[in-house]
Amino acid sequence: MNIISLKKKINPNQKIILFGAGRLGKLALNALQANGLDVYAFYDSSEYKQGEEVCNTKILDLNELSALEKTSIIFITNNYISYVQNFLRKLGFKNIYDCIHLFDEIKKIKINQNLNEYDINSIDREISFHKSAIDKSKIENDESLHLKCIDIVVTEKCSMKCKDCSNLMQYYERPQNSDLNLMFETLDKFMSCLDSLYEFRVLGGDPFMNKELHKTIEKLKEYKNAQNIVVYTNATIIPKNENFECLKDDKITIEITNYGKDLSRKHDELVELLNLNKIKYRSRPPGDWNACGTLKFYERSEKELQRVFDNCCMSDVTTMMDGILFRCPFAANATKLKAVPYVENEVINLNHDITDKDNLKKKIKNFNNNKKPLTACSYCGGRDYSSEIIKPAIQTKKPLEYIKIEK
């Protein structure tokens, strides 16, 4: 719904609610307030946010949301479109909208001070990612295959050793770079099935630990059905030679997590170099970390496991590691570390001799749309905002120990 339609539709007794109190929520609030429309409240599934305020606007808890008039107008200001739609319909709400037309207003207004520099620099990407999520939710029942993103793991090596790393780098005793031949062969199979991909997320460890990173970047550039390539780094390494030259492309953005001068010691130098060469980047602090990097088994009921999966910020991210598609980076690394069982029906093994592209396309589509908890969810502390919050980037001097499964 756009602003003009909303002004015609809304009556004085209707409340406007924003479902999601993150960057998208702030953008939607900006657009509505700039056009003279009051937002009654946010709702956010993050229990620790509930009862707080964002931009002088209250964040409701579930009981308060449920008690609202069912004629309330609710904008989904996150990227879990289908899940939120179903959740709100079960509560009896009918006026449920995404934000894509609302965000058409963003370019026409002055963004206020409720957004920090990272938020402002990320506006275009946030809006594009939201549109991709909307497109995915609309086409889940047709034969095309559109994905928001896939993690491409290029190395297990990291220049830091965070004891609570959610990607479990702290457990690797002998970290290795990924096998490029295997990666490229299975990537070709995967990408041949996709109608479009919004974003490759190039991860490690730290990708710049891999001296052959440029080969992966050049390969990813070749895929015409992929829009963006994002390389994640902790700003401890300045890429050189081919690993730097390959970054000079409009498709590429460097995503920097700035852990401060003691850890991200090359941050300022890296930012200066990227600016000098007009390479796109974003830099932000680590923010809150969840206690999801501890490998142990959690006794959870089926209902609890479903909650962990539904609220996970990574439940919609596919990860490719060693030619196998996993539903999230935790599952990928925990399986490789033999900390959780390898479950055949929870992955797609592209190493197999798969010649039927149509069948593989259906498998990937079903795999990506599956909303059931993973075996790995029983070993994860949870990656929703109701999970325990811990101090980020505490370093360990040696790999952590954990219990390996027997098979």
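Which residues are linked in a network of salt bridges? In this predicted model, Glu156, Asp322 and Lys336 are linked in such a network, a salt bridge being a side-chain nitrogen of Lys or Arg within 4 Å of a carboxyl oxygen of Asp or Glu. Residues are numbered from 1 along each chain as its sequence is written, and side-chain values use heavy atoms, with hydrogens and water left out. As the model is predicted, local features need pLDDT of at least 70 and side-chain atom pairs count only at pLDDT 80 or more, while totals for chains, interfaces and linings use all residues.

By this rule the salt bridges number 16. One of them joins glutamate 64 to lysine 58, at 2.7 Å from N to O. Glutamate 64 is partly exposed at 26% relative accessible area, and lysine 58 is partly exposed at 36%; here buried stands for under 20%, exposed for over 50% and partly exposed for what lies in between (1.4 Å probe, protein chains only). Another salt bridge brings together aspartate 164 and lysine 163, at 3.2 Å from N to O. Aspartate 164 is buried at 9%, whereas lysine 163 is partly exposed at 33%. Lysine 266 and glutamate 269 also form a salt bridge, their closest N and O atoms lying 3.9 Å apart. Lysine 266 is partly exposed at 31%, and glutamate 269 is partly exposed at 43%.

Turning to the helices, helix 2 covers residues 23-34, and its first and last C-alpha atoms are 17 Å apart, close to the 16 Å expected for 12 residues at 1.5 Å a residue. Helices (H or I, at least four residues) and strands (E, at least two) are DSSP runs, numbered from the N terminus, and the expected span of a helix is 1.5 Å times one less than its number of residues. Nine of the 12 residues of helix 2 are buried, among them Leu24, Lys26 and Asn30. Just after helix 2, glycine 36 has a positive phi of about 75°. At the start of helix 7, a side-chain oxygen of aspartate 179 comes within 3.0 Å of the backbone nitrogen of asparagine 181.

The loop between strand 7 (146-153) and helix 7 (180-191) holds leucine 168. Leucine 168 is buried, at 0% relative accessible area. Beyond its neighbours within four places in sequence, leucine 168 is in contact (heavy atoms within 4.5 Å) with Gly293, Leu295, Phe330, Asn333, Ala334 and Leu337. Threonine 155 also sits in the loop between strand 7 and helix 7, and threonine 155 is buried at 0% relative accessibility. A polar atom of its side chain lies 3.0 Å from the backbone nitrogen of lysine 157. The side chains of threonine 155 and asparagine 177 are joined by a polar contact of 2.7 Å. A polar contact is a pair of N or O atoms within 3.5 Å; within protein, one must be able to donate a hydrogen and the other to accept it, and residues adjacent in sequence count only if both atoms are side-chain atoms.

Finally, the structure holds zero disulfides, a disulfide being a pair of cysteine sulfur atoms within 2.5 Å. The sulfur of cysteine 162 is too far for a bond, because the closest cysteine sulfur, in cysteine 165, is 6.3 Å away. Cysteine 162 is buried at 9% relative accessibility.
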